[in-house]
Amino acid sequence: MELLHNAVRSYAWGSRTAIAELLGREVPAPHPEAELWMGAHPGDPSRVLRPDGHRSLLELLAEDPAGQLGERCAQRWGSRLPFLLKVLAADEPLSLQAHPSAQQAALGFAAEEAAGLAMDSSVRNYKDPSAKPELVCALTEFHALAGFRAPERTVAMLRALEAPDFAPYTELLAAQPDEDGLRALFTTLITLPQTALDALMPQVLDACVLHVKERGEFDLECRTVLELGEAYPGDAGVLAAMLLNRLVLKPGEAIHLPAGNLHAYLHGTGVEILANSDNVLRCGLTPKHVDVPELMRVLDFTCGDMPVQTGVPTAPGLWTYPTPSPEFELSRLELTGGDEVRVDHEGPQILLVTSGRAHLSNGRDEPLVVGRGQSVWLPASDPAVAVTADAPTRLFRATAGTV
């Protein structure tokens, strides 16, 4: 049971306030801060705080995989912590992207290794042979695009825009309102020549402006298209985004993003847990490499409403967000004064306090008082931990999955 020191990652789309406020630092931060990483990612591992100095969590796992991770987790993942926990703070949209399955990642990684692609090559898709499912839980109102909308609803939206030059694309989906029709329309849009995009985009954006002025049914979707069109002029990803579910998550609500799910986080702060992998297939809304053939191999065109979770009560004060992902599980602890929740798991755990102050005791080590923005590493060999609070407190617990 040890406190962690975690890396803050700065990307252009990050916030100058959210992570700085969480960590109790000066606001605004000098640079956009996008992600706070908690885990053992080789690029920026957390460090365990000890009286004799800081130790990299990577080093601890390598020295004692079974003790730190537990026998079952170590047998499956070796000395690698299978999950990465983040606080993600977006002031601007992230790229439109999807992640591969384990099988797709293994094949893609092997192919790029055989081709001799350098790991830092700008055209490399696979940095490792692992899947990268994700789950994000909102801390603030959180805006996202995720999963393909039901085709009938997309046809209704596209027809409502009344953009004459876009009508043939709309009718392509209307003639086949299913997964195959979505695949055909998406492929057509994402491969349009730049000259065609430059001619089509202004008309689509003008139609969105008119729809917003008239307060049409698809006001939020059109505002999103306008925001993306302004930020990424001439980018095919703006048109692709029109096919996706537009979500607004309330605090405590979460979405799970399995392999092949096309998504983009737009704005807000959330707790994200994901498999410890760097594999990303980009679709657009980015100046980075877009590999359309590989993207099409990975994408899942299953369509319909994107499921939103609120957490399943698993104990008093404890809600879990179930997923089929073997790499991770995320839980939320809600405590009021005098409450106690016991957390135990046969594998590794990370606890993060996002509001209030928690008291941790396992009957063996010195008790810890953990404040907002602080996190704790609980190795598998630790006894169960009693978590209490003297005021309303919220924590998140990251563990390996049980699948």
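**Helix packing and cores**

Mentor: Start here: helix 9 and helix 10 cross in a left-handed way, meaning the near helix is turned anticlockwise from the far one by less than a right angle. It's a predicted model, where local features need pLDDT of at least 70, side-chain atom pairs count only at pLDDT 80 or more, and totals for chains, interfaces and linings use all residues. Numbering runs from 1 along each chain as its sequence is written, and side-chain values use heavy atoms, with hydrogens and water left out.

Trainee: At roughly what angle do the axes of helix 9 and helix 10 cross?
Mentor: Roughly 140 degrees, and the axes come within 9 Å.

Trainee: Which residues in helix 9 meet helix 10?
Mentor: Leu 205, Cys 208, Val 209, His 211 and Val 212. Their partners in helix 10 include Asp 219, Arg 223 and Leu 226. Contact means heavy atoms within 4.5 Å. The residues of this contact divide into 7 nonpolar, 2 polar and 2 charged.

Trainee: New topic. How many residues are in the largest nonpolar core?
Mentor: 54, with Phe 166, Phe 186, Leu 239 and Leu 262 having the most contacts inside it. Helix 9 (residues 194–213) gives the largest share, 8 residues. Another core, of 33 residues, lies apart from it, with Tyr 321 among them. A core joins buried Ala, Val, Leu, Ile, Met, Phe, Trp, Tyr and Cys through side-chain atoms within 4.5 Å.

Trainee: And Asn 261, buried or exposed?
Mentor: Buried, at 10% relative accessible area (the cut-off is under 20%, with a 1.4 Å probe, protein chains only). Asn 261 sits in the loop between strand 11 and strand 12.

How values were computed
Buried < 20%, exposed > 50% of the residue type's maximum accessible area, 1.4 Å probe, protein only. Helix = DSSP H or I, 4+ residues; strand = E, 2+ residues; numbered from the N terminus. Axes fitted to C-alpha atoms, helices over the stretch in contact; angles between N-to-C directions. Nonpolar A, V, L, I, M, F, W, Y, C, P; charged D, E, K, R; others polar.
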